[in-house]
Amino acid sequence: MTALPLHYLGACTRRHRRHPDIYMKDTIISLLEGAVDALKHQGVLPNDLTPTIKVDPTKDKAHGDYATNLALMLAKPSGMKPRELADTLVAALPASDAIQKTEIAGPGFINFFAATDAAAQIVAQVLDSGDAFGRSLIGKGEKVQVEFVSANPTGPLHVGHGRGAAIGDSLCRLLEATGYDVTREFYYNDAGAQIKNLALSVQARAKGLGPDDASWPEDGYRGEYIVDVANDYMAGKTVTADDREVTAKADADDLDAIQAFAVAWLRREQDLDLKAFGVEFDVYFLESSLYEDGKVEATVEKLVANGHTYEKDGAMWLRTTDFGDDKDRVMRKREGGYTYFLPDVAYHLNKWQRGFKTVINEQGADHHSTVTRVRAGLQALEVGIPTGWPDYVLHQMVMVTRSGVEVKLSKRAGSYVTIRDLIDEVGRDATRFFLAARRADSQLTFDIDLARSQSNDNPVYYIQYAHARVCSMLRKAEEAGQPFDHSIATAHLALLDSDQEKAVLNRLARYPEVVEHAAKNREPQQVAQYLLDLAGDFHTCYNAVKVMVDDDTLRNTRLALGLATRQVLRNGLDLMGVSAPEEM
RNA sequence: GCGCCCGUAGCUCAGUUGGAUAGAGUGUCGGCCUCCGAAGCCGAAGGUCGCAGGUUCAAUUCCUGCCGGGCGCGCCA
């Protein structure tokens, strides 16, 4: 038995996963495969042809529901004119009840018009699957680690962290929905120079100094929260953060005690903000632990032993230029102590050793220079880590405007907009949606005035409103003594035959693919875009087709479409960490 | 100067990995509630997809070069 071409096997698994009876697109693909095979046997097409068959939903309903460019792709290798080949392919298509008719259009597209009852089966599929609709096992349970936010514990989280949190968490939800075993991880840089700066700042406040005093530490943190930390420290308070509890010594001269307290204080602060944002981590990884466990030293020794280091100007350098960097990097400073990048390498080695073949780091693009550096360091370890590991998702800067004026993001100035500000002013749902609904690699303008205006402009309300509308219809039906009857509804789905209803049906059918695509490309904004489209289709349909009619069959069938829409809206919103309210 | 990212309607942004007449929101103008929620719907107007080449049957999408903007180019993280 000869092996099947790879694409063919792919198509087989795809069909089995997606139920060709339900998913029109896969039905069409398998029909086209049948046609291609038939034409090969007839000698019309060359036998060694292994086309990747692409079927897309149409933009214009005049072009039917789905279209393929197959005839255009095969025109050259078959030596036929595109439209002629399209005719031949259509003639060779196996018979199917799912297709009402086909047309050949334009330069040689084949347009498929779905039979209404076949297309409408998606409603039954959605209702049967419920929360599981759109979920898949593509990831096969493979372990994936996503590191995101990873803010320094030196201040409250700002909008940039918020974007990272929204994108990172949504990405995790997408990966979970596609069958991956996801670990959410937050890396705390609690061992570097900026932490000493934090301790000095708190100490200065504890001694009653302010940023304008002559002895205020250079580059000290000026934010008001430093005062709060200092007051709590001097009051001998106890704070709990993640895994540890720290009680203040109330001694303004003990810098180590101040540092331990301040870090715990700010970690607690950040954790509370993240919780309010609906984001929770599985692992909080402390940079300091890498020193305590000797991981940093071990990493240095390995790099030295591999011969990738050298001494210069009293410092120790890593020859990262051997691995694609544009210049070598200092790993141990002249005055002793390591640069941040060394523990970074040690940390990522640790991720690898924990068995994560896929690691995704979600970070601000202002740190993109670390990408090459960390990868280079990992290569220099020579422990079999693949080139280009780990993956990165970098988000561009967030500019915040208020009253049309940019609000500067300056941690040192202490006047930046925090996640907490946004949650309090705009609400969690809107904040999460805004921050995750745009491509990570384009800059984002967050207009506080616009976002806080509680009404009209907010796209998330548009989606939530569609959800609440369906809930309202169901309540209405209950009140009228005509509760939804599932068995009546799903037996007559062919009644969903208006243009508006068909638009919703086609949109629903696309959801699993959208989730798969968004997860694969690490682009949560595709889910946001889809939800806006689905909500739009639904609102249009709602205005065009009256649901609460006297006819039991018609009413229940239309309710079923609403219910299926509600289910998909709910599933999609959940992927973004946004709630699906029953009333607004 | 070098590296990464971006440039699409007045504004904010999508564009399903190369498809047909480039979409949505917002803003402007005009319609739709004695009717399931008007936070909604319908219509109009608004574009040399930064510019110029190249690859292709087909380019907003891929390649090259410019122009413009952001970020980075620390023995900071």
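Modeller: A crossing is called left-handed if the near helix is turned anticlockwise from the far one by less than a right angle, and right-handed if clockwise. This is a predicted model, in which local features need pLDDT of at least 70, side-chain atom pairs count only at pLDDT 80 or more, and totals for chains, interfaces and linings use all residues. Residues are numbered from 1 along each chain as its sequence is written, chains are lettered from A and ligands numbered from 1 in the order in which they are written, and side-chain values use heavy atoms, with hydrogens and water left out.

Biologist: Which hand does the crossing of H19 and H21 have?

Modeller: The crossing of H19 and H21 is left-handed, where helices are DSSP runs of H or I with at least four residues and strands are runs of E with at least two, numbered from the N terminus.

Biologist: At what angle do H19 and H21 pack?

Modeller: Two packed helices are described by the angle between their axes and the distance between the axes. Helix H19 (residues 499-521) and helix H21 (residues 552-575) pack at about 30°, with their axes 11 Å apart. That makes H19 roughly parallel to H21, a label for angles under 35 degrees.

Biologist: In what order do the three strands of the open sheet lie?

Modeller: Strands pair if DSSP finds at least two bridges between them. The order here is S16-S15-S17, with mixed pairing. Strand S15 (residues 398-402) runs parallel to S17, joined by four bridges, and threonine 401 stands opposite aspartate 447 in S17.

How values were computed. Axes fitted to C-alpha atoms, helices over the stretch in contact; angles between N-to-C directions. Parallel < 35°, antiparallel > 145°, perpendicular 65-115°, else oblique.
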